[in-house]
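Please open the model in a viewer and keep the selection tool at hand. The stops below go one selection at a time.

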Amino acid sequence: MSEKTRDREPAPDSRDLGPENLHRATIAYYNLRQVHGDMPHKIPRGPAPDLPAEQARMVRESQEAMRGRKVLEVASGTGSATREIAETAVFVTGVEIAPNMLRIAAENDNPPNVSYLAGDAFDLGSIAPDKRFDGGFAAGFLHTCPSSRYTEFLHGFHARLEKGAVVFMRSSRPTSPDAVSRLFMVEGRTDQFMTRQLSDGSEYIMVENDPTEEDLQRIFEPLTTNMDIHIGNYWWWIRYELP
Ligand SMILES: C[S@@+](CC[C@H](N)C(=O)[O-])C[C@H]1O[C@@H](n2cnc3c(N)ncnc32)[C@H](O)[C@@H]1O
């Protein structure tokens, strides 16, 4: 069986927007994105002169938040953000569910304080049981999490972090004309959805939430202290502490 065939799961049913099917579609999309690549954008974003400065600020704030911390990262992907925060963290343990992402992360040039583990962000209880973490990090995860699973995810994630831990989460915003053209809402659902296509023609429906500052306050305030939220043009991010 070829590498590509082995990694291909049955295509998730794109009409089923229940949490289990969305979970499957999210994993299938990210796993195969590493094989086929995204379909090229149909509508180019156009000039975005403020993008590099916003990205640089987000990376700097991520690194400051994780400075001197022992970090549990969820949804570490190919490890690009992992390696950024590893510059200031004591160590970073990245947890990732898509096998192709994990393979590429491991093949990259990682510093010695980075490690990756296979695991599900919604099931962190048995991940690295011998490690203690005082930093939590997630880049590009929460926007694909159905709102019905926020509490489940945050309780499980925070349970693995020590009292006083600092958490930093960031996600891209679907603000490009191409992203906007692929967004849709469904009656009776609070999540926003997006159609994603890979270059092999396969199509996936995934959650693509774009929280406002008020949304983030409502989600995080009951569980955290010293919350600091930034909504940019291309990304949002939040830093907070655990009481
Ligand atoms: C947008 S990518 C971000 C990757 C990386 N953090 C970065 O910033 O480059 C989202 C990642 O989340 C992973 N992911 C999605 N759902 C997950 C889950 N339930 N548990 C662990 N990883 C998950 C995907 O496989 C993918 O690698």
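Begin with I229: its bridge partner in β10 is I238. This is a predicted model, in which local features need pLDDT of at least 70, side-chain atom pairs count only at pLDDT 80 or more, and totals for chains, interfaces and linings use all residues. Residues are numbered from 1 along each chain as its sequence is written.

Next, select β9 and β10 (residues 235-241), which pair in the antiparallel sense over 5 bridges. Strands pair if DSSP finds at least two bridges between them. Strands (E, at least two residues) and helices (H or I, at least four) are DSSP runs, numbered from the N terminus.

Angles run from 0 to 180 degrees between N-to-C directions, with axes as lines fitted to C-alpha atoms, for helices over the stretch in contact.

Now widen the selection to the open sheet of 7 strands, ordered β3-β2-β1-β4-β5-β10-β9 with mixed pairing. β3 (114-118) and β9 (225-231) are at its edges; each has a single partner strand, so one side of each is left without a neighbour in the sheet. On average, neighbouring strands of this sheet are turned by 15° against each other, direction ignored.

Move to M206, in strand β8 (residues 203-207). Is M206 buried or exposed? M206 counts as buried because it has 22 C-beta neighbours inside 10 Å; the cut-offs are 20 or more other C-beta atoms within 10 Å for buried, 12 or fewer for exposed, and partly exposed in between, with C-beta atoms placed from the backbone. Leaving aside neighbours within four places in sequence, M206 is in contact with residues including L22, Y29, T144 and F193. Contact means that C-beta atoms, placed from the backbone, lie within 7 Å.

Methods:
Contact = placed C-beta atoms within 7 Å.
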